[in-house]
Amino acid sequence: MDEKVPTNNIIETEIPMGTVHPAALEPYRVRFFVEDEIIQEAEITIGVNHRGIERIMEGLPVQKANALTEKICGICSNSHVWNSCRTAEIGLGIEIPKRATYIRVIMGELERLHSHFLYLAHGCEVLAHETFSMRVFYLREIVMELLGMIGGNRVQYGCSVLGGVRPRCELDSNKLQRLKDDMDKLEEGLSNFADRFVADPIVLSRITGVGVLPQKQAIKLAVTGPSLRATGVARDLRTTMFEYDDFDYNVVTQPDGDVKSNLLMRVLESFESIKIIRQAVANIPDGKLVNNDWEMFDTDGISESYIEVPRGTLYHSYALETGRVRHCIIRTPSMANIGAMQYACIGNHLTDGQLCIVQCDPCFTCTDRAIEVIRR
């Protein structure tokens, strides 16, 4: 039998993933264009989960519209209702009680922790390191129980309302003590995970230099949140939010823009969230939870609010007319980071390219403006 002579032909392949696929955490479609298992191009299609939240909000009373925003994303439900209430509060000039502001910050940082832990756990899962993944999910469970304790639900906690927070989200001495104790548990568990993670040469070899997004390209693509800070840009909107004026924390960055930098960003930012929650628990002021001393009126033009959520910059805007929402626009950080997903895949080995999908932390349930963006 004649031996087969190897050839130098380049094999070109198109590999589709999705819309529903075991490697895709949300409903979207990816087409990898591969030459000898090296990704030369990636095409990502979104909008398959379009629900038209903005159109549904049109004409609703503002309180109902705010509650509806929690349904946009199960992972960042608190962020959406907080920013939606914030938008109306800016337009109506509502002053938030200091105690309510602290509780909002605690809820925001707990949600950041559970989002970052989910990111880390799924990242380790894609790396085929089940032990690391389960360790992080165990830490995330502590956070989920705290969110359930404060809001009454593990998802869609319904904490923020116009003028403050719901009375059921009050923090008595027992809840404050549990928050304090669980921050100690989280810090210890996260430190152990981080020490083991960075000491594992096999894990580091698979994520170092993979899915690199250069800083200049990240700025050009309007990348936001931890994915931008992973390229060395120290931009965090918490530094501009009045809710965080009383807190001491660091804006974390990483220099390389690769998968390793993105994973380490979530670890280091989680330590900062623990620090913020500890300060809030120790210094939470007395006072009421809701300011009801305000009147509804037609806002002068569009009110808008930008806040820093786990994935980056979240934007809400709308006008109020006879107490009803008009001209609503919601822009999630995922919309800004999608372009980076396509860019970071190019030039990587196929399996590493799949890691890049995790890198940019997409939440494709937040694609209510996807069809409009694509049309433009």
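Leaving aside neighbours within four places in sequence, which residues is K175 in contact with?

## A buried lysine

This is a predicted model, and in it K175 is in contact with M149, R168 and E170, once neighbours within four places in sequence are left aside. You will find K175 in helix α6, which covers residues 173–198.

K175 is buried, yet it has no salt bridge. The nearest side chain of opposite charge belongs to D172, 5.3 Å away; that is not a salt bridge, because the nitrogen and oxygen must lie within 4 Å.

In soluble globular proteins, nonpolar side chains tend to be buried together. Here the largest nonpolar core has 82 residues, and L110, F117, I150, L179, L186 and F193 touch the most other members. Helix α4 (residues 98–126) gives the most to this core, with 14 residues.

Take L186 as an example: not counting residues up to four places away in sequence, L186 touches L113, F117, L139, I142, V143 and I274. There is also a second, separate core of twelve residues, including V30 and F32.

## Salt bridges

The structure holds 21 salt bridges. One of them joins K98 and D246, with the closest N and O atoms 2.9 Å apart. This pair links distant parts of the chain: K98 is in helix α4, while D246 sits 148 residues away in the loop between α9 and α10.

E109 and R112 also form a salt bridge, this time within helix α4, three residues apart. Both are buried, and they belong to a network of salt bridges that also includes R229, D236, R238, E269 and E308.

Notes:
Residues numbered from 1 in each chain as written. Predicted model: local features only at pLDDT ≥ 70, side-chain atom pairs only at ≥ 80, totals over all residues. Heavy atoms only, no water. Helix = DSSP H or I, 4+ residues; strand = E, 2+ residues; numbered from the N terminus. Buried < 20%, exposed > 50% of the residue type's maximum accessible area, 1.4 Å probe, protein only. Lys, Arg positive; Asp, Glu negative; His and termini not counted. Contact = heavy atoms within 4.5 Å. Core = buried A, V, L, I, M, F, W, Y, C linked by side-chain atoms within 4.5 Å.
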